Amino acid sequence: MIMRGIQFGNFHTADDWDLILHAKTLTPPKPKTYYVAIPGRDGDLDLSEALTGEVHYENRIAVFSFIASDGSYSDREDLLSEIVAQIHGKRLQIVDPDYPGYYLSGRCTVTERTNINAYGTITVEANCDPYKYALEQTTRTVSVTPSAGTLAVVCTNTGVQTVTPTITVTGSVTLTFGTITTTLSAGTYVLPALQFPAGTTTVQVSGNGTIAFTYREAIL
């Protein structure tokens with residue numbers, strides 16, 4: 001039987017440490033809200049989306065509890081010490097099999113560590129970013145030629161977080177998005193003004209070469 005486990009960075013709790021996943025919790029991220037009470041107005045003025053037009057979130061907490069039952073007391077003591085050395089205080093990529101294709105990113109703290117004659121326990125608490133990030137980045141690549149004219153490139157973001165793509169160009173291309181037009185030569189770029197919110201974004205591309213938009217989608 002394959003034991004369920006959690007991947008912390010380069011280590012898998014079942015495959016590498018023979019730990020039994022006993023319990024886990026993952027709290028939803030709390031929305032960052034901002035309300036202003038204005039005299040003479042019914043209710044409060046909700047300014048939660050005033051700055052960027054989107055709701056943003058606080059960090060979320062993940063807690064994982066494990067049981068170590070193999071080996072002697074001394075074996076378990078060595079194992080638990082090794083786990084603390086590899087996890088405690090470190091910011092790690094955390095992969096939970098209940099969310100296939102995604103990972104959490106957070107700073108881990110060992111909050112409990114026990115070892116008795118029969119078994120040992122260890123609990124890891126992670127203060128994580130609010131989003132689950134896709135393990136694989138999304139890339140949209142197109143080629144353009146002068147004879148093809150301007151292409152409408154549709155980029156889809158299936159996540160909920162607005163992302164800023166990395167743009168890789170060969171040759172020379174011209175991009176138009178919104179009211180902005182820019183020409184890029186061969187190289188890699190990040191344009192803060194070009195963002196992909198949830199859904200689809202269309203970028204007009206012309207020139208002679210290839211362009212690739214690469215971004216990592218994220219869900220709650």
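Strands here are DSSP runs of at least two residues marked E, numbered from the N terminus. In this predicted model, strand β10 (residues 102–115) contributes three residues to the lining of the largest cavity, the most of any element. That cavity holds about 40 Å³ of space, and the count of cavities of 30 Å³ or more comes to one. Its lining consists of I94, D96, Y99, Y102, Y103, L104 and K132; five of these residues are nonpolar, two are charged and none is polar. Two members of the lining also meet each other, as K132 lies over the face of Y99, 4.5 Å from the ring centre.

A look at the open spaces comes next. The largest pocket has a volume of about 190 Å³.

Y57 and Y131 form an edge-to-face pair, because their ring centres lie 6.1 Å apart and their planes meet at 85°. This pair joins distant parts of the chain, 74 residues apart: Y57 belongs to strand β7 (residues 56–57), and Y131 to the loop between β11 (120–128) and β12 (132–134). Y57 is partly exposed at 22% relative accessibility, whereas Y131, at 8%, is buried.

F196 and Y215 make another edge-to-face pair, 5.2 Å from centre to centre with 85° between the planes. F196 sits in the loop between β16 (180–190) and β17 (199–215) and Y215 in strand β17, so parts 19 residues apart in sequence are tied together. Both F196 and Y215 are buried. Finally, F8, F64 and F66 are linked into a cluster by ring pairs.

Notes. Residues numbered from 1 in each chain as written. Predicted model: local features only at pLDDT ≥ 70, side-chain atom pairs only at ≥ 80, totals over all residues. Heavy atoms only, no water. 1 Å grid on protein atoms, 1.4 Å probe; cavity = no way out; pocket = protein on both sides within 12 Å on 5 of 7 lines; lining within 4 Å. Points joined across faces, edges and corners; volume = space filled by probe spheres on them. Helix = DSSP H or I, 4+ residues; strand = E, 2+ residues; numbered from the N terminus. Nonpolar A, V, L, I, M, F, W, Y, C, P; charged D, E, K, R; others polar. Phe/Tyr/Trp six-rings, centres within 6.5 Å; stacked < 30°, edge-to-face > 60°. Buried < 20%, exposed > 50% of the residue type's maximum accessible area, 1.4 Å probe, protein only. Lys NZ or Arg CZ within 6 Å of the ring centre and 35° of its normal.
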